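Here are some notes to read alongside the model, written as numbered points. Please keep the structure open while you go through them.

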Amino acid sequence: MKAGLRQSMAWLHTWSGLLLGWLLLAMFVTGTSAYFREEISLWMAPELHHSQPSPDTPALAWAALNAKAPDAKSWDIQLPEARSPVVQLRWQPDTPQAEEGGRRRGEQAVMDAGTGELLSPRASRGGDFLYRFHFELYGVPRIWARWLICVATMFMLVAIVSGVITHKKIFKDFFTFRPGKGQRSWLDSHNATAVLALPFHFMITYSGLLIFMVMLMPWGMNAAYEDGWRGFFQDVFPREEPAAEGGAAMPMVDIAPLVARARETFDQPVRRISVDWPNRDNAVIRVSTAKDPHITDQRRGGNPTLVFNGGTGELLETRPGDEAVPGAFRVYNLLVNLHLARFADPTVRWLFFLFGVGGTAMVATGMLLWVSKRTQQLRGKAPGAALRLVNGLNIASLTGLLGALAAYFAANRLLPVELAARESWEIRVFFLTWLLALGHALLRPGRRGWIEQLAAITVLWAALPLLNVATTDSHLFSATAWRTGALAGFDVVCLLMAATGGYALWRVVRKQPVRGRGPLPQRRTVEDGA
Amino acid sequence: MSKHSLQRLTASPAVGVASRTLAAVFGGYALAACATTALALWLPAAPATAVITANLLSFLIYTVAVLWAFATRSAARAWVGILMPALVLAALAWLGGPEALL
Amino acid sequence: MTVIAVTLPLSLAYAGLTALALAMKRHHEAAIGAKPPATRLRAFRVAGWVLMALMVASCLRLWPTGLALSMALGLVTLAGLPLVFLLPYRPRLMVRLAPVLPVLALIATAV
């Protein structure tokens, strides 16, 4: 086995890739969807689709909070922007119960930006479920899940580097793709998706580890700071604590002039308003705008902000928000922001989505290649239990997962709005569908299994836009969906998914399986013996 | 266990792979952890910058250790190649930084 | 708007990659036919790298440095994908697109 560097790297590549490949597939699929997390959450809350921002929006939000929580401890208003047409209201009640357990529990509401009406969207975890699944799974103790995800990421990093080392003719074969040759074609696809997108794959994997660096490698922080990571964060993001007590009651000024002033000062739309001790004499209002994003910006804060005295409206402080960041931090920020596609405008966001699909294809072709290679070696004999297991798991983690995803979205439209624990039921549908797919795949781990599951997902994804027409009025044939881009985009992606599934189905059906023993036929390929 | 069968056991490829895997996974992590600590303490920069730089490099070090464990000629070399630098870095970390030399 | 702007670096990357592919004997013969002399192969290689440099420059015009360099790498990927699939099926089309696409993109961005 150790007859040379390339061989040992090939061995390492195959096993590090295969053992955790199924988990990595799930991570890629959910991670790719997470690039559009907000859009997915919006699609899954049709009650919010008619909200349209207007110049009165800040004043409406102000009035809503004054009515709902006039003597809260703090307010937070997130104004509408391209990815979210509603107003997010958050506040912290000034009651002893709200401080229980050391964790401050706030309350929140969603407001229509045009009418000021408080909305009640159907209970759903939306895109956040998929986003969280990507790095901490679901139903598993958080720390265990994160460690498992990080172990998988580390395996992938090793797979990438060993893959590059073992790929003998990486430059000569850069453009090579030989279609219709069975295992050879899978190898070429795997090489193409892997090598062409190598910068992306390396970035996404390495930055994934960096995001969890406090959990994975706290040793540097613990050595350099007395209170470990807390000391580190206090050093890097010094936080200002609000006043401990609210003062005497005193009404606040109108928000509209303050918003206008912030807008004029920074020449950017206002995004966020936060208040410490609203309607007291020591109220502090912070109005923050958007900013020209830089990919090396810190994740938290840094937006241009005006700080006002709440009672008089007097300007207390102007924070332009551009602070010099030392070199090493810029590297960290760059990598992490690339991973999260922060500051991506719609075009760049779609590009990242495509890269994510490419990454999924890379992992998938690798695992299909593994099966294809060993099937070919069998020369027409029936596959053994191990090969059937791998093939079954491949099916379950690819078409099974994609089917579960479609079912999750379908459940959002089909489950009654008033259903108790609705959020959990949507998620249960996701897992039950996946489990069903797993069972089916393990029972029929071959060409038939692929055909049946590909057919199922084609139907499921095609059904979603139709379901939309039947159950909402923000479907592809309505103006609302096209006004908010994201909504129409979602349905279009569903149709593209169905088309891809259909195409894959057609390709698999066309290829005839070869039975019996004997030498390999020249042009045909043996996918499996089923 | 007789000397002969012990020899055969350690020569078997499965044991070699297992040994290398342990060296890679746990030895590699230890090496990366020692390196992170030593770098965070010894890099000539503000503490926060030193910590971040150390962390940025840590996963590269881990990956190189894993590759070394499987690329090198024998499992024994794998262990030596990982543990020796780890010990040196651990010693540096124990010293606590450039102030210790003053 | 950025959609149109991205077509320029994307098409330059495609042209550059095509040139680099044609600098390899195997692909040259498949796409253009006939045995190419070493000088022609070298010419393609130089042209390829020049086009890639132009692509990076066009990215730097569109985005701030950090993002521009990252996007440059990413766009090479995206430009490479159709190329990899055209090469075995429609090699001559692949070659013909190489000069056409950047010109179209230039027109689109100027307008």
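1. Helix α13(A) is followed by A:R379, a residue whose phi is positive, near 55°. Helices such as this one (H or I, at least four residues) are DSSP runs, as are strands (E, at least two), and they are numbered from the N terminus.

2. This is a predicted model, in which local features need pLDDT of at least 70 and side-chain atom pairs count only at pLDDT 80 or more, while totals for chains, interfaces and linings use all residues. Residues are numbered from 1 along each chain as its sequence is written, and chains are lettered from A, with ligands numbered from 1, in the order in which they are written.

3. Helix α13 of chain A covers residues 346–378, which makes 33 residues, and its first and last C-alpha atoms are 48 Å apart, close to the expected 48 Å; that expected span is 1.5 Å times one less than the number of residues.

4. Between chains A and C, the contact takes 20 residues from chain A and 21 residues from chain C, where two residues count as in contact if their C-beta atoms, placed from the backbone, lie within 7 Å. On the side of chain A that touches chain C, at least two residues each come from α6 (183–196), α7, α12 and α13, and α13(A) gives the most, with four residues.

5. The contact between chains A and B takes 28 residues from chain A and 26 residues from chain B. Among the elements of chain A that give two or more residues to this side are α1 (5–34) and α5 (142–166), while α9(A) gives the most, with five residues.
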